[in-house]
Amino acid sequence: MHARLRAALRLTLESESMAIDDLLLYCRGFCAALDGHHRGEDRTLFPAIAAAHPNLRQVLQKLTQDHSMIGYLLGGLQAAADRSAGPGELRQHLEGVGAIMENHFRYEERMLLTVLESLDLRVDPEEALGPL
């Protein structure tokens, strides 16, 4: 999921010729995908990890706090898209979200990747990871 979100953001930021309507649509879709991913982690994945690995509760708390901060930034991006902000402003929001998102993803991957590989979680992947 992280790879897909990274690729989607990179594609948009590298596109110099994206029409404003496409950029606005992308911003709305990206906000929904990233927010859905974090909601799935908070609701399903992180509680399962906490139950299986209580020693990771502080890591999970930091990641949940990151989700809140990223949600705030996504709210700014969504507000800009809702008022049909120009491409420059939308790209600024995307770059800000992208910087925080990448830092968050790297920390999460470093701290949880081996745990995720061994976690026996019997739920629909979309429930735990958000819309795929």
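**View 1. Leu11 in helix α1 of the predicted model.** In this predicted model, Leu11 is found in helix α1, which covers residues 2-14. Leu11 is exposed, its relative accessible area being 61%, and this value lies beyond the cut-off of over 50% that the word exposed requires. From Leu11 to Cys31 the separation is 20 residues in sequence, while in space the two lie 15 Å apart, C-alpha to C-alpha.

**View 2. Helix α2 and its bend at Glu41.** Helix α2 takes in residues 20-52, a run of 33 residues. Between its first C-alpha and its last, α2 reaches 46 Å, close to the 48 Å expected at 1.5 Å a residue. At Glu41, α2 bends by about 45°.

View 3. When residues up to four places away in sequence are not counted, His37 touches Met1, His2, Leu5, Phe105, Glu108, Ala128, Leu129, Gly130 and Pro131.

**View 4. The largest nonpolar core, with Leu77 as one of its members.** The largest nonpolar core has 21 residues, and those with the most contacts inside it are Cys27, Phe30, Leu34, Leu74, Leu77, Leu90 and Leu94. At least two residues of this core are supplied by each of α1, α2, α3 and α4, and the largest share, eight residues, comes from α2. Leu77 touches Cys27, Phe30, Cys31, Leu90, His93 and Leu94, again not counting residues up to four places away in sequence. A second, separate core has 14 residues, including Ala50, Val59, Leu112 and Leu119. In soluble globular proteins, nonpolar side chains tend to be buried together.

**View 5. Ser84 in the loop between α3 and α4.** Ser84 is found in the loop that lies between α3 and α4. Phi of Ser84 is near 55°, which is a positive value in a residue other than glycine. With a relative accessible area of 47%, Ser84 is partly exposed.

**View 6. Helix α4, its bend and its buried residues.** Helix α4 covers residues 87-118 and bends by about 60° at Leu112, a residue that is itself among the buried ones of this helix. The buried residues of α4 pack against α1, α2 and α3.

**View 7. The whole chain, with its confidence.** The chain has five helices and zero strands, so that from the N terminus on its elements run α-α-α-α-α. Its C-alpha atoms fill a box of roughly 45 × 25 × 20 Å, taken along the principal axes. The radius of gyration of the chain is 16 Å, which agrees with the value near 14 Å that a compact globule of 132 residues would have. Of the 132 residues, 39% count as buried, and among contacts between residues at least 6 apart in sequence, 81% join residues at least 24 apart. The mean pLDDT of the chain is 88, and 99% of its residues reach 70 or more. Confidence is lowest in helix α5 (residues 125-129), at a mean of 76, and highest in helix α3 (residues 57-82), at 94.

Terms used: Residues numbered from 1 in each chain as written. Predicted model: local features only at pLDDT ≥ 70, side-chain atom pairs only at ≥ 80, totals over all residues. Heavy atoms only, no water. Helix = DSSP H or I, 4+ residues; strand = E, 2+ residues; numbered from the N terminus. Expected span 1.5 Å × (residues − 1). Bend = angle between axes of the 7 residues up to and from the residue. Buried < 20%, exposed > 50% of the residue type's maximum accessible area, 1.4 Å probe, protein only. pLDDT = per-residue confidence, 0-100. Contact = heavy atoms within 4.5 Å. Core = buried A, V, L, I, M, F, W, Y, C linked by side-chain atoms within 4.5 Å. Rg over C-alpha atoms; globule rule 2.2 N^0.38 Å.
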